[in-house]
Amino acid sequence: MDGYKYHAMLSTITPDTGRLLISEPFMMDPNFKRSVILITEYSTEGVMGFILNHESEYLLGDIMPDILYSEMPLFTGGPVGNNTLHFIHRCPDKIEGGIPIADGIYWGGDFETVKALVNNYQLNNNEIRFFIGYSGWEAGQLDDELKENSWIVTNKFDPDMLFNHDEENLWKHVVKGLGQRYAHIANFPENPALN
């Protein structure tokens with residue numbers, strides 16, 4: 001065992017659809033710095049999800065000129081497929097065809113209906129969230145990153161938190177929600193040299 005360092009995984013919950021990935025406090029990859037990601041697809045082929053707390057500089061109307069209510073923010077869902085638009089919502093009564101992801105949270109659905117609802121001011125920011133691009137991992141890739149303690153997985157979160165537009169504090173709130181064992185992590189400075 002000389003030279004071998006045992007590295008216990010921080011995450012005690014396995015990733016799955018509808019769970020959150022929380023980046024470790026000092027992750028250097030700018031794509032995922034202090035990220036909270038909703039996993040929308042988890043299978044043997046790979047993992048897909050959306051970063052919930054990285055608002056882009058664009059609004060929905062910037063990329064979809066036929067949308068009249070253009071003030072809805074667009075989030076950077078991840079570094080993959082930056083020419084694609086995705087959405088999660090919590091109004092299956094208004095938007096058909098969405099895939100249930102977590103308690104009261106749906107991924108996708110009839111986009112023509114979404115456009116009509118947005119144009120008629122029948123959807124608000126607390127019901128839907130739009131993303132440019134997504135986060136993706138090939139088979140086994142996320143498992144390797146979990147072993148390196150790059151992420152913590154949780155299934156304990158209030159779905160309202162995902163739509164309340166407090167992106168700046170979402171990472172801290174989710175970390176604190178993990179319990180006492182993790183609460184101190186929420187106060188780590190972003191630059192480890194300041195710790």
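Which residues touch the most other members of the largest nonpolar core? In this predicted model they are L20, L52, I88 and I105, in a core of 26 residues. A nonpolar core is a set of buried Ala, Val, Leu, Ile, Met, Phe, Trp, Tyr and Cys residues joined through side-chain atoms within 4.5 Å; buried means under 20% relative accessible area, with a 1.4 Å probe and protein chains only.

Helices (H or I, at least four residues) and strands (E, at least two) are DSSP runs, numbered from the N terminus.

Helix 4 gives the largest share, 4 residues. Another core, of 15 residues, lies apart from this one and includes I67, L74, F87 and V118.

S135 belongs to strand 9 (residues 128–138). It counts as buried because its relative accessibility is 0%. Its side chain reaches the backbone oxygen of G77 at 2.9 Å. Beyond four places in sequence, the contacts of S135 (heavy atoms within 4.5 Å) include F32, I37, V47 and G78.

Mean pLDDT, the predictor's confidence in each residue from 0 to 100, is 86 for the protein chain, and 88% of the residues score at least 70. Among the elements, strand 8 has the highest mean (97) and helix 5 (residues 180–183) the lowest (72). Over residues 1–9 pLDDT stays under 50.

Residues are numbered from 1 along each chain as its sequence is written, and side-chain values use heavy atoms, leaving out hydrogens and water. Local features need pLDDT of at least 70 and side-chain atom pairs count only at pLDDT 80 or more, whereas totals for chains, interfaces and linings use all residues.

Notes. Buried means under 20% relative accessible area, exposed over 50%, partly exposed in between (1.4 Å probe, protein chains only). A polar contact is a pair of N or O atoms within 3.5 Å; within protein, one must be able to donate a hydrogen and the other to accept it, and residues adjacent in sequence count only if both atoms are side-chain atoms.
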